[in-house]
Amino acid sequence: MKKIQYLLLFLFLSITSSCVEEQNFDQFNDLDIIPTVEASILYVESPESVINGAPGAVWYIQTFNFDAFSEQFFADNVLDGVITYELENTTSKPLEILFEYLDDAGNVLDTEFFSLDPAPTAVLRRETAYGTPTGRSLDIIRNTSQVRVNARNLGDNNSVSSLPDPMIIFRSSGKFRLRLK
Amino acid sequence: MRKWKLFITAIFLGSGFLFAQNRELLYDFTEIPQAILLNPGIETTYSWYAGVPLASGIYAQAGSSGITVHDLFANDGVDFNQKVRTRALDGMTKRDEFGATVQVDLLHGGFRSGKNPDIFYSFGVYFESNTILYWPQDLAYLAFDGNADQLGRRFDLGHLKTRGEGLTVFHFGINKVMDRNLTVGARAKLYSGIYDFHSSTNSGYFVTEEGQNNLLSHTLDADMQLRTSGLEEIRAILDDESSGSVGGVISKRALFGGDLGLGIDLGFTYQLNSQTVITGSLLDLGFVYHSGDVKAYTLQGRATTEGVEAILPDAFDDANSDFWQDLVDEIEAQLPFEDNNSSYITFRPTQLYGSIRYNFGEPVGGEIDCDCDIGVTDADVRTPYRNATGLQLHAVSRPRGPQAALTAFYLRRFGNILSLKGTYTVDKFSMTNLGLGMNIQAGPVNFYVLANNLLGYQNLADSHYASFQIGLNILSWGANR
């Protein structure tokens, strides 16, 4: 009979003496979920023949609708970021590229100016920070809904580069930190 | 919307994350009437029993294989983000899971046939809910780290696997003693599905690579699907888009007003010799046909993008077009996110039990073990021995394949009043799972309590696994054969 009592006692103690060490669920409030996402933005390429065929110095100007930055989820959660530009000029002409950020009403929020020597030139790469202590205002990104490319030819309209398939290439991507929690 | 989110959270946390479903303490614990639910071919020694409605079987089980509450929320001064990083993100894999089961007997009873005492009938109704969520490892990394500086890394969408259901089960079983050595049983089940959701056949990936034109190229190759049943009507009520009450919807669907299904349980007990017994059962071999209030979401296709592209001189022709919208439209066409109301079938998580038991010591009641007829009333009934030990195997079908557990047990009977069963179980969740069950028979009143993973009770928050079952029955002993 004593064995039964011991067993019952063990069972009773096992179940009823269960305890839960103190937990601090408020720690969840400290959780940061801040992924860094990156994506291509805009790619423009033009062969030298297009530049030669343009009547004036401004051989290309185009406004692109670009809603990615002004999407509410992105605009509400973006913390900071970097936009990377990469330009490659294999034409025989010096070129200027003006890249502009516009809001809904077409107001210019920010500009990025590139001056490219004629070929052979190294690839021009630039990174511009937004939202960081030394960077530009993040509001530029949040309010951007269009971007405009303005390309000027500072050279002639008949020379052709000796490099194969001469062209001007504009590449861009963005890398941003988003606060999901 | 907030109420709807709370409801979803309640399903996951309240009805729980389905887990191993292994009920090793109850299995083959022949003194407890509810053991017949785990093996319809169990040896029955009572003439009838009646479970106390809503209290004859209350069972809950929960756990997680990769992490405990204590791992994250212990008041240990460690930075919470660091704990999440090292213990969850880096510490868990796609095979880790969170799960639980809740089962409540609404009604349960059984009686021996008056015409043929070799036959025992059982019947009842119980509610069951279970959910399983595998740790979506790659998607978690994508959420916490993003895709930056991860060129070439494929985030596997197949890591998203979850399944959950709540249903009422109406059952009727027959248990028959075939001869002195063999008892078989079968149970028919009618399922009335209350809610169901599952997303367990996903595949595909998301990858960022160096672009061919632009700096980066992003590819999403997806074949994903989430099917739900019984949730849309509740969502509409909670979002005030529809009249009615959530309780009303659940009640209706619990009583054949929702999805219907059929299933069977099979089982046997075979006496190899006077002291050695093998048992086996196959449970929930069945399906549920989801046809009411069905909503499915799919994301299927493949899209690659390098952002907005303008390639001159061709782009001059589209100077007035919306390049951004064209890009969005193109991706949506290649990778459509759609919904539908098509009916579907889900198969129940079938379970398999097996055991070998060796009985030893004196038979209960003190009769001399003469290796001969030790029946209570006649030669077809065997008196249980005071001691029994053996092994049990349990397997259950899961989204990532069968999951097995092995249990060693020792059963001790103290007269006809008290029985104790101790178990040691090894499975993917724990190597230290000790369980203890107690069955008390006080006259016609039968009470039992079973608790698992007792070592975890020292600090439940640090336990990977816990289960608990309690029940109250009125029964009459004696096979009357």
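Strand β1(A) and strand β13 (residues 308–311) of chain B run parallel and are joined by 4 bridges. This pairing crosses from one chain to the other. The model is predicted.

**Pairing across the chains**
- A:E45 has B:I311 as its bridge partner in β13(B).

**The A–B contact**
- On chain A, 43 residues are in contact with 46 residues of chain B.
- Five elements of chain A each supply at least two residues of the side that touches chain B: α1 (2–16), β1 (36–47), β2 (58–65), β3 (78–89) and β8 (167–178).
- β1(A) gives the largest share of that side, with 11 residues.
- The side of chain A that touches chain B has 21 nonpolar residues, alongside 12 polar and 10 charged ones.

**The open sheet in chain A**
- An open sheet of 4 strands has the order β2-β7-β4-β5 (chain A).
- Its pairing is antiparallel.
- β2 and β5 (108–116) of chain A are the edge strands, and each pairs on one side only.
- On average, neighbouring strands of this sheet are turned by 10° against each other, direction ignored.
- Edge strand β2 of chain A also supplies at least two residues of the side that touches chain B.

**Inside the sheet: β4 and β5**
- Strand β4 (residues 95–102) of chain A runs antiparallel to β5(A), and 8 bridges join the two.
- A:F99 stands opposite A:E112, which lies in β5(A).

Technical notes:
Residues are numbered from 1 along each chain as its sequence is written. Chains are lettered from A and ligands numbered from 1 in the order in which they are written. This is a predicted model: local features need pLDDT of at least 70, side-chain atom pairs count only at pLDDT 80 or more; totals for chains, interfaces and linings use all residues. Two residues are in contact if their C-beta atoms, placed from the backbone, lie within 7 Å. Ala, Val, Leu, Ile, Met, Phe, Trp, Tyr, Cys and Pro count as nonpolar, Asp, Glu, Lys and Arg as charged, and the others, Gly among them, as polar. Two strands pair if DSSP finds at least two bridges between them. Axes are lines fitted to C-alpha atoms, for helices over the stretch in contact, and angles run from 0 to 180 degrees between N-to-C directions.
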